[in-house]
Amino acid sequence: MLASIPSGVVEGIDGIAVTVEVHQSAGLPSYFLSGLPDAACRESRDRVRAAIQSSGLKWPPARLTINLAPSAVRKQGAGLDLAIALGILVASKQLEPAEVAGYGAVGELGLDGSVRQVPGLVSIAAAIVCDQLLVPAVGAQEAATVRPGCVRAVDHLRDLVSALQGNNHLPGVVKVNPSMDVGPPVPDLADVRDQPVARLALEVAAAGGHHLLMVGPPGAGKTMLAKRMAGLLPPLDDLDALMVTRVHSVAGLAVPEDGLVRRAPFRAPHHGASAVAMIGGGSGAIRPGEVSASHAGVLFLDELGEFPVAVLEALRQPLEEGLVRVSRAQSSVTLPARFQLVGAMNPCPCGQGGVDGQCRCSPAARARYARRLSAPLLDRFDLRIDVRAPDPLLLLDGGLEESTEAVARRVARVRRLAQERGIRSNATMSEDELDEFAPLSASAREVLERSLTRRSLTGRGLKRVRCVARTIADLEDERLKIDGPAIAQAIALRAPLHSVVGVGS
Amino acid sequence: MNEPELEARLCLLSMPGMGPARFRWLTESESPSAVVESLRRGQVPAVSRAAPTGLKRELIARWEHYARVTDGASLVRDHHERGITILGPEHQLWPFSNDPEPPVLLFARGDLGLLARGPKVGIVGTRRCTSVGRRVATRLGADLAAAGVGVVSGLALGIDGCSHRGALSVGGGGAFVIGVVATGLDIAYPASHAELWDQVADRGLLLSESPLGVKPQKWRFPARNRLLAGLSTVIVVVESHERGGALSTVDEAVRRSIEVLVVPGSVLSSASVGTNALLYDGAAPVRSGEDIATFLGLCHPPISPPSNTTTSLLEPRSAPSIEGDGLHPTRSQLELDILQEVASGGAHLDLLISATGQSLRRVAEALGKLDHDNLVRLDGSVVTLAEEWPRC
């Protein structure tokens with residue numbers, strides 16, 4: 001007797017449809033699994049047997065051959081368990097073929113027959129060809145967003161079989177309730193007092209999608225500032241939300257109960273992270289790295305100077321292209337990685353280098369510290385600011401500053417303006433777009449010429465400063481020309497490289 | 001001093017770990033050439049006193065080896081080939097005749113005639129200086145050079161280098177500057193000041209008591225400071241932390257009854273803790289080059305106090321090249337406020353915003369103008385007084 005159940009696996013963040021074919025024939029009881037299964041997949045035999053027996057069903061005393069088609073693609077993970085179990089039940093005539101016709105199934109089985117969650121369920125659900133899809137309860141909402149109207153959440157193999165046999169009702173179709181709810185609140189910007197420059201830098205970074213580097217002594221509040229960045233970014237649109245949900249689902253990160261990730265992700269990997277953890281890959285299944293997990297959101301690297309040089313240099317390609325390619329001998333996977341980089345670091349090993357005449361580091365120690373960060377990487381930061389520790393008295397007694405909500409409204413308006421201009425963000429404008437959307441007023445030209453003749457600005461810096469000035473002007477609701485003060489602010493928010501980690505005297 | 005005697009002294013001085021104290025101990029009862037000879041034969045030189053502390057048998061063994069493999073004549077040749085003059089106490093320009101702790105030999109590049117000229121002002125201060133210190137040191141160096149007063153300094157990072165840069169910025173060819181360094185004249189330390197070394201040697205005089213090849217060692221810097229004090233008519237301390245090399249120069253100056261003048265600093269600046277303490281102890285304050293000139297008797301004390309020196313330090317020394325009359329561009333109130341805030345040390349943009357009560361937009365605009373007139377510079381988000389000469 002032959003059975004065939006549609007299912008799927010995930011590679012990278014893409015789902016691949018897999019048909020589970022089960023053939024039962026006379027012979028000594030045995031179990032063959034073909035079609036390039038990995039270890040977790042091959043171990044399905046023991047899980048499936050236990051689950052079938054725990055569910056009060058019979059394990060057929062016969063020769064079972066299971067093929068996972070297409071057989072040339074590697075199958076990873078335990079997500080095929082449920083389909084294999086259903087296939088065996090059909091092949092051993094405990095279920096009628098008609099009873100499972102049109103059903104696809106994804107889920108890992110527990111020894112007691114319970115159906116467990118599978119990483120990357122969203123991607124798999126999108127790939128499977130079937131009328132009705134049976135999935136574990138955890139993740140069913142996400143799956144329903146890509147396959148509305150045909151996803152059913154399954155808790156236990158026993159209940160599922162009895163429902164398919166018509167003894168009781170199948171669980172209802174999971175309803176999609178698309179919401180723009182971004183989830184629980186994040187720390188509010190109103191707490192940030194006495195740091196107007198840092199506040200503005202955060203706002204500009206969020207509004208224009210500019211990468212931001214914060215340099216400052218320990219305790220100046222760099223991490224606190226970075227954490228407030230997530231709240232400033234507008235909720236993800238449908239396309240981004242789906243992509244982020246898929247990546248997070250594959251990466252095994254928490255996805256909101258109602259299905260889609262709406263809040264821009266905020267990831268803050270520790271500086272001990274390896275290149276693979278950052279970029280993605282790993283042995284066996286290709287797992288998305290932090291750059292992908294922070295797609296459409298913020299990647300915050302605290303203690304930037306402590307990250308291994310190889311890890312930092314590996315960031316340059318995703319920063320440039322907005323995606324990462326992880327290549328293997330067998331296959332190559334492309335993962336999204338369009339993130340906004342926020343870095344924080346001390347100015348020097350002793351941390352006091354930003355304050356006039358306070359640094360206690362030897363010039364050699366400063367030079368060593370500076371060498372850890374390559375100029376090409378530092379150059380990616382449009383906004384480079386020194387963060388000064390606020391006055392502690394103001395922290396206690398000062399009133400609240402403008403809240404995240406108010407700032408986020410301005411940020412959203414600037415982002416909309418960019419969309420109306422047909423660009424992704426102000427940070428990614430080309431030369432032509434700059435000329436079209438960021439024409440310079442006479443006063444702006446004057447400020448720029450001043451900076452260029454004083455050699456505090458290079459040719460490349462000029463372009464970046466114009467992008468930032470566009471964002472600043474947008475925030476000030478000046479939609480056409482860029483004026484002098486906007487340029488002056490953009491220059492003030494862009495510390496020259498030598499002063500960031502320079503070898504000073 | 002005859003040639004073999006010079007060769008023996010140079011040979012001894014070039015030995016590892018050899019300073020003036022050990023040299024004197026070795027040569028107390030024997031001539032330097034006799035000491036070299038006995039080291040060559042592997043005998044411990046006949047010495048009357050006990051060995052200075054910290055002198056190990058292994059070091060003497062290394063000296064013996066050095067004496068065997070080194071030819072004093074070739075050492076002298078090396079120095080001459082590099083254009084270095086070797087001065088001994090017999091030299092007519094020897095400046096340390098009355099010094100309590102004179103060097104054994106002096107190695108010099110440049111214009112030896114400067115040793116005979118006077119007066120000379122030693123400008124010293126911390127390497128970890130503030131932008132204010134840089135500006136003051138540069139300005140003092142330039143003002144003294146313009147008045148024909150010599151500037152003696154140690155060519156270190158920070159105050160030292162700035163004072164010499166200031167002095168060198170005045171006039172064309174020759175300059176009355178003397179650099180006193182701790183290493184051999186072939187080993188520029190810090191390496192980033194190699195160019196400054198050459199400028200001082202080409203236009204002024206570069207001095208060291210260490211022969212060629214001597215690397216920077218910790219103990220050589222305080223030793224250098226005593227030479228710096230000994231060469232100067234007066235010592236001016238621009239900025240000093242609570243402890244530091246500048247204060248060791250002050251001690252050496254006091255030991256030689258050389259007057260110490262001090263530039264006052266903000267009581268909030270840690271780079272002025274040492275200098276303000278000297279003022280508290282009774283040192284005379286220096287507000288400008290004029291004060292030093294008055295002290296040296298080069299000009300009479302003004303009847304009325306000198307015009308507000310803070311303002312004079314803030315205004316550009318040379319007219320910036322801008323259109324219009326340019327010399328005294330009218331400054332807005334905001335620009336003046338910013339200058340006021342910055343004049344007492346670097347100020348973060350955050351502080352300028354809260355002190356002036358203006359938006360970053362207006363502050364940034366004003367800073368752009370001040371930067372253009374070379375009054376301030378924006379170092380990241382920290383605004384400091386601009387230096388008028390290339391950064392030290």
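**A chat about chains A and B**

Me: How many helices and strands are in chain A?
Reply: Chain A has 24 helices and 18 strands. Both are DSSP runs numbered from the N terminus: helices are H or I with at least four residues, strands are E with at least two. This is a predicted model, in which local features need pLDDT of at least 70 and side-chain atom pairs count only at pLDDT 80 or more, while totals for chains, interfaces and linings use all residues. Residues are numbered from 1 along each chain as its sequence is written, and chains are lettered from A and ligands numbered from 1 in the order in which they are written.

Me: What does the C-alpha trace of chain A span?
Reply: Along its principal axes, about 90 × 50 × 45 Å.

Me: And what share of chain A is buried?
Reply: Of its 505 residues, 51% are buried. A residue is buried if 20 or more other C-beta atoms, placed from the backbone, lie within 10 Å of its own, exposed if 12 or fewer, and partly exposed in between.

Me: Which residues have the most contacts inside the largest nonpolar core?
Reply: Among them are Val135(A), Ile487(A) and Leu367(B), in a core of 251 residues. Such a core is a set of buried Ala, Val, Leu, Ile, Met, Phe, Trp, Tyr and Cys residues joined through C-beta atoms within 7 Å.

Me: What does Leu367(B) touch?
Reply: Leaving out residues up to four places away in sequence, Leu367(B) touches Ala488(A) and Ala492(A), plus Ile338(B), Val376(B), Leu378(B) and Val383(B). Residues are in contact if their C-beta atoms, placed from the backbone, lie within 7 Å.

Me: How many residues does each chain give to the contact between A and B?
Reply: Chain A gives 27 and chain B gives 35. On the chain A side, helix H8 (196-208), strand E18 (383-386) and helices H21 (442-453), H23 (484-492) and H24 (497-501) each supply at least two residues. H23(A) has the largest share, with five.

Me: What classes are on that side of chain A?
Reply: There are 13 nonpolar, eight polar and six charged residues. Here Ala, Val, Leu, Ile, Met, Phe, Trp, Tyr, Cys and Pro count as nonpolar, Asp, Glu, Lys and Arg as charged, and the others, Gly among them, as polar.

Me: New topic. Where is Gly399(A), and is Gly399(A) buried or exposed?
Reply: Gly399(A) sits in the loop between helices H18 (392-397) and H19 (404-421) of chain A. Gly399(A) counts as exposed because it has 7 C-beta neighbours inside 10 Å.

Me: At what angle does H19(A) pack with H22(A)?
Reply: About 120°, with the axis of H19(A) 9 Å from that of H22(A), residues 459-475. Axes are lines fitted to C-alpha atoms, for helices over the stretch in contact, and angles run from 0 to 180 degrees between N-to-C directions. That makes H19(A) oblique to H22(A); angles under 35 degrees count as roughly parallel, over 145 as roughly antiparallel, 65 to 115 as roughly perpendicular and the rest as oblique.

Me: Which residues meet there?
Reply: Arg410(A), Val414(A) and Leu417(A) of H19(A) meet Thr471(A), Asp474(A) and Leu475(A) of H22(A). By class, three are nonpolar, one is polar and two are charged.

How values were computed: Two residues are in contact if their C-beta atoms, placed from the backbone, lie within 7 Å.
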